Amino acid sequence: MVYSDDELLQLFNDGTERGFNGVYEKFCLRVYHYVLRMGIGKDDAMDITTETFIRLFNRKKIFERLNNILAYLLTTARTATIDLIHQKKKMGQMQA
């Protein structure tokens with residue numbers, strides 16, 4: 001079933017599985033491609049995307065708009081990607 005943004009936001013804020021799945025389906029590819037553009041490989045990008053949604057699920061924060069959820073996801077993904085890049089540089093797995 002396709003939900004309007006308002007319905008999806010309400011389902012998500014209510015903590016329903018349908019709400020989380022709907023948010024995941026709506027934003028997963030955007031987060032994944034955002035992480036890829038930061039210069040890491042596909043496997044790492046998928047891992048970060050998955051971890052980002054796990055953090056969102058565990059946070060159970062009430063959001064006012066779907067754009068707020070997207071902003072949270074992109075910020076979380078960006079931070080995780082930067083941390084991974086720094087970690088790989090320290091280990092000599094990435095060029096500076």
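Visitor: Which residues form one aromatic cluster?

Guide: In this predicted model, Phe20, Tyr24, Phe53 and Phe57 form one aromatic cluster. The structure holds five aromatic pairs, one of which joins Phe20 and Phe57.

Visitor: What parts does the pair of Phe20 and Phe57 tie together?

Guide: Phe20 belongs to helix H2 (residues 17-36) and Phe57 to helix H3 (residues 42-59), so the pair ties together parts that are 37 residues apart in sequence.

Visitor: Why is Phe20 called buried, and why is Phe57 called partly exposed?

Guide: Buried means under 20% relative accessible area, and exposed means over 50%. Phe20 has a value of 17%, so it counts as buried. Phe57 has a value of 42%, which lies in between, and is therefore partly exposed.

Visitor: How do you know that Thr49 is buried?

Guide: The relative accessible area of Thr49 is 0%, which is under 20%, so Thr49 is buried. Thr49 lies in helix H3. Leaving aside residues up to four places away in sequence, Thr49 touches Cys28, Val31 and Tyr32.

Visitor: What makes Ile82 partly exposed?

Guide: Ile82 has a relative accessible area of 33%; this falls between 20% and 50%, so the residue counts as partly exposed. Ile82 is part of helix H4 (residues 66-90). Its C-alpha atom is separated by 20 Å from that of Ile69, which is 13 residues away along the chain.

Visitor: How do you know that the span of H4 is close to the one expected?

Guide: The expected span is 1.5 Å times one less than the number of residues. H4 has 25 residues, for which 36 Å is expected, and H4 reaches 36 Å from its first C-alpha to its last. Just after H4, Gly92 takes a positive phi of about 75 degrees.

Visitor: Which helices do the buried residues of H4 pack against?

Guide: The buried residues of H4 pack against H1, H2 and H3. Among them are Leu66, Ile69, Leu70, Leu73, Ala77, Leu84 and Ile85.

Visitor: Which residues line the largest pocket, and how much space lies in it?

Guide: About 170 Å³ of space lies in the largest pocket. The lining consists of Met1, Val2, Tyr3, Asp5, Leu8, Arg18, Asn21, Gly22, Glu25 and Lys26. Helix H1 (5-13) and H2 are the elements that give two or more residues to this lining, and H2 gives the most, with five.

Visitor: What is the pattern of the protein along the sequence?

Guide: The pattern is α-α-α-α, from four helices and zero strands. The C-alpha atoms fill a box of roughly 45 × 20 × 20 Å, taken along the principal axes. Of the 96 residues, 36% count as buried. Among contacts between residues at least 6 apart in sequence, 56% join residues at least 24 apart.

Technical notes. Residues are numbered from 1 along each chain as its sequence is written. This is a predicted model: local features need pLDDT of at least 70, side-chain atom pairs count only at pLDDT 80 or more; totals for chains, interfaces and linings use all residues. Side-chain values use heavy atoms; hydrogens and water are left out. Buried means under 20% relative accessible area, exposed over 50%, partly exposed in between (1.4 Å probe, protein chains only). Rings of Phe, Tyr and Trp (its six-membered ring) pair if their centres lie within 6.5 Å; planes under 30 degrees apart count as stacked, over 60 as edge-to-face and the rest as tilted. On a 1 Å grid over the protein atoms alone, a cavity is a set of points where a 1.4 Å probe fits but cannot get out, and a pocket is an open set with protein on both sides within 12 Å along at least five of seven lines; lining residues have an atom within 4 Å of a point. Grid points are joined across faces, edges and corners, and a volume is the space filled by probe spheres set on the points. Contact means heavy atoms within 4.5 Å.
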